[in-house]
Each structure stands twice: as structure tokens, then as C-alpha cells.
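Reader: I'm new to this. Could you walk me through reading a structure, one feature at a time?

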Amino acid sequence: SRLSARTRRARGLAWAAASVMLRCKVSYVEICSIQDIRLVGNSLVAWPSALKNCKRTPHPQREAKPFLRDKILCKASGGHVGNVQNNLAMGQWQDKNVALFRASDTVLDCGQGVIIDFPAWKALREMLESNKPEISLSVKLLLRLAGNAEEEVAAGLAEEVPIEATTAADVPAHAAPPEALARPHAGGVAAGGIEAPPKRPRLAKDEPEPAPAAAGGPDEDLGEYPNAIHLVSSRDSDAYAQLIDEAARATVVAYDAQWSPDFDEGTDNQIALLQVAFPGTGNAYVLQLPLLGHGFPAEVKRMFEAGDTAVAGFAANEMDIHKFEISGIAVDKATLFDVQPWCEAEMGENDSVKQGWRVGLKRAADCVLDFEMEKTSTVASSNWEREELTTAQVEYAAMDVWVALRLYQRLAEVY
């Protein structure tokens with residue numbers, strides 16, 4: 001069986017093992033000594049010279065993304081255990097080639113019969129309850145975390161998840177016992193313990209539907225796609241009623257906004273399209289403001305003005321604040337969070353910013369979330385004020401705000 005501890009802060013698991021190493025989750029061979037590893041931001045890193053039983057191959061995206069240097073592959077299993085990158089912007093790691101390990105393909109073997117396996121390195125930081133940019137790991141520290149997990153199982157705050165045994169033929173001769181090779185959770189889990197596939201965005205029709213399960217709480221990463229996308233073009237629609245209900249209860253929301261280009265001198269167009277996304281339900285809404293009449297719905301306006309809702313946006317800058325102001329909303333700046341500079345810091349792009357270059361949403365999603373957005377110039381430059389938006393337009397707009405929400409959730413506790 002596997003010990004899977006779920007706390008308010010993080011989720012980890014422990015089971016039998018041998019020595020003090022970062023190991024490949026498939027072959028179980030040693031990858032790096034724990035003493036050589038640091039938690040930097042939400043990444044687990046080491047100098048490439050510390051790698052064991054690995055080979056490096058040029059990263060296939062090196063030309064498009066120069067900071068991606070090599071893929072780190074386990075020699076025994078061929079598994080992709082990490083990358084050599086030079087995009088960190090902290091301390092001794094700044095602008096250096098550094099090995100960044102993948103939580104989905106490695107485990108921390110603490111010795112004394114304990115392994116800790118995390119769905120993401122963010123969970124390790126949450127269990128440590130520290131905002132220090134860089135944290136040194138030790139066997140004592142990791143064993144303490146594993147002990148906390150065991151205590152929570154005993155207290156009924158965690159659960160044991162049975163794992164189907166692996167046959168001896170499936171296990172390499174140099175690997176750990178079969179029970180130690182069970183693959184842990186790495187996100188949402190469907191019935192029966194099978195990992196659920198990522199969901200594509202679904203454009204919801206204007207009809208009542210049961211409230212979806214939460215897409216991701218404070219201890220769980222949001223999925224790659226929203227649970228549902230709602231186009232709100234009438235105050236009499238079910239989508240509008242559902243939006244009002246969510247907005248009235250929201251404590252966190254992400255937004256994006258579109259307006260007609262101010263091509264002519266003296267023009268200053270108001271917001272025509274507003275996108276919002278909520279982490280609790282995983283819903284994204286695309287509001288066609290000209291069709292709703294009477295400006296912004298009061299509950300939506302309250303989210304931006306009241307000061308009791310964290311509002312996140314990508315490039316949530318003075319231009320956005322001005323456009324909200326002329327459209328009837330006085331944004332509370334204290335609760336407005338721009339995730340663009342957070343992404344630039346996480347990606348090591350501070351020098352580029354000083355030279356006037358800013359990181360776009362697509363690249364931020366790729367580097368921070370390891371998610372490739374489907375952005376086409378045809379949809380991006382289309383007419384957002386038309387009454388009949390295409391399905392492609394609506395999904396494009398919803399994904400922009402959903403990715404902004406995911407970036408906020410991933411980086412808020414660090415930055």
C-alpha cells in the first residue's frame with residue numbers, strides 16, 4: 001500500500017526505500033544526492049555535475065527557447081527526469097546552467113526506509129511552510145515531513161490508498177521492491193485510483209447544469225482546462241445567473257479584458273469583452289458587455305472594487321485600470337495582482353525586462369506551467385465586438401483568463 005497524506009498545506013506520501021538520494025521513479029536508480037539539491041522557488045535544482053546515472057541530450061526546443069539547454073534522461077529507464085536550464089534568477093543559480101528535476105518522474109529517498117513523493121515541488125514548499133527563495137534540504141528535515149504525514153494518517157487526517165502489486169517481471173533487477181514503484185497522484189484522480197486525463201475546454205450551452213466539483217483548492221493545482229466555459233450575452237440567461245452567484249461568493253478571481261483598438265487620436269474605447277475565471281468551480285465566463293446593457297453587473301463590479309477579493313491578471317497594468325475606470329469600475333489597486341512580473345522573475349527574464357522586453361502569456365504558460373497554449377493570429381486579431389462570437393473566439397478568450405488564474409495559483413505564495 002501507499003501512504004498518501006493530505007493536509008491543508010500539501011500532499012505527500014511515504015513508503016519503504018533504501019538510501020539518501022533523488023531517484024528515478026521508474027527504474028529507481030540514483031539521480032542525485034539530496035545534499036546537492038536545493039528548493040529554489042517552486043523548483044528542485046542541483047548543479048549538472050552532481051547528476052548520476054543520467055545522460056543529457058539537446059533539448060528539442062533549444063532554438064525556440066534558448067534557456068532550455070538539455071533534457072536529462074535516466075540511463076536505465078530512458079525517463080525524462082529533468083532539464084538543464086539557465087533561466088533561474090536567484091542567488092548563485094542566476095544565469096547559470098542548472099539541473100531542474102521533474103516531480104512527476106522522480107522521488108526523494110530519505111533513507112531509513114522512507115521515500116517522499118510529491119505531485120509537484122510546490123507541495124514540498126507548502127509542507128515546509130516557508131517563503132524563503134532558496135531552501136537547503138536535509139535528511140532530518142525530510143524525515144520530519146514524512147513523520148508528520150504518518151501522524152496525520154493515525155489521526156484520521158489522511159488516508160491509505162491500496163496499490164495493485166507489480167509483478168516481478170515488471171521490475172528491473174536493480175530496482176526497489178514492487179510496492180515501492182507504485183505511481184503517485186499527480187493531479188486529479190478518477191474513481192478507482194486511475195489518473196484522470198486532462199480535460200479540454202467545454203463551451204457550456206445556456207441551460208441549467210449541476211455545479212461542477214472544485215477544479216483545484218489552495219492545495220491542488222488547477223487543471224489545464226476549465227471545467228466549463230460560459231458565454232454571457234443576456235441578463236436573462238442561466239449563465240448570467242450562475243456568474244452572479246459565483247461573483248457574489250468569490251474570494252479569488254482572474255480576469256482579462258478586450259476593447260476596440262484606439263487607432264484614432266482622441267479615441268478611448270471602453271471594455272467590450274470581460275473574461276473571468278474562478279478557482280473553486282473551475283468555471284470561466286466570457287461577458288459580452290454591450291449586449292448586457294447598464295454596464296457591469298453589480299456583483300462583478302464589487303469583485304474589483306470592494307477590496308475583499310484577490311483579482312489576478314496577466315499584464316494587469318495602468319492601462320487596464322484606466323479602461324476599467326472609463327467603463328465604470330474603480331479598481332482597488334491593493335487587491336489587484338499582476339502575474340506577468342512574477343512569471344518574468346520565475347523565468348529569469350529580469351534583465352530582458354530592463355531592456356524593454358516583456359514576456360507574453362503564451363511563453364509564460366510554456367515555461368512556468370509546461371503548457372502550450374493554442375494561439376493563432378487569426379483569432380487574436382478578430383473582431384471582439386461582434387454580437388455573434390465564434391466558438392473559437394470564446395474558447396480563445398476563456399483560455400487566456402484560465403491560464404492567468406493558473407499562473408496566479410502557481411506563483412502567489414512565492415512572489
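Author: S104 sits in the loop between strand 10 (98-101) and strand 11 (106-111); strands here are DSSP runs of E, at least two residues long, and helices are runs of H or I, at least four, all numbered from the N terminus. Keep in mind that this is a predicted model, where local features need pLDDT of at least 70, side-chain atom pairs count only at pLDDT 80 or more, and totals for chains, interfaces and linings use all residues. Residues are numbered from 1 along each chain as its sequence is written, and side-chain values use heavy atoms, with hydrogens and water left out.

Reader: Is S104 buried, partly exposed or exposed, and which side chain does the side chain of S104 contact?

Author: Buried means under 20% relative accessible area, exposed means over 50%, and partly exposed is in between (1.4 Å probe, protein chains only). S104 has 24% relative accessibility, so it counts as partly exposed. Its side chain makes a polar contact with the side chain of D105 at 2.8 Å. A polar contact is a pair of N or O atoms within 3.5 Å; within protein, one must be able to donate a hydrogen and the other to accept it, and residues adjacent in sequence count only if both atoms are side-chain atoms.

Reader: And T281, is that buried or exposed?

Author: T281 is buried, because its relative accessible area is 16%. T281 lies in the loop between strand 18 (271-277) and strand 19 (283-288), and its side chain reaches the backbone nitrogen of N283 at 3.3 Å.

Reader: What about phi angles?

Author: Most residues other than glycine have a negative phi. N53 has a positive phi of about 55° although it is not a glycine, and it is in the loop between strand 6 (43-46) and strand 7 (54-58). E129 also has a positive phi, about 50°, without being a glycine; look for E129 in the loop between helix 1 (121-128) and strand 13 (134-136).

Reader: Last one: which residues of helix 3 meet helix 5?

Author: L243, I244, A247 and A248 in helix 3 meet E299, V300, R302 and M303 in helix 5, where contact means heavy atoms within 4.5 Å.
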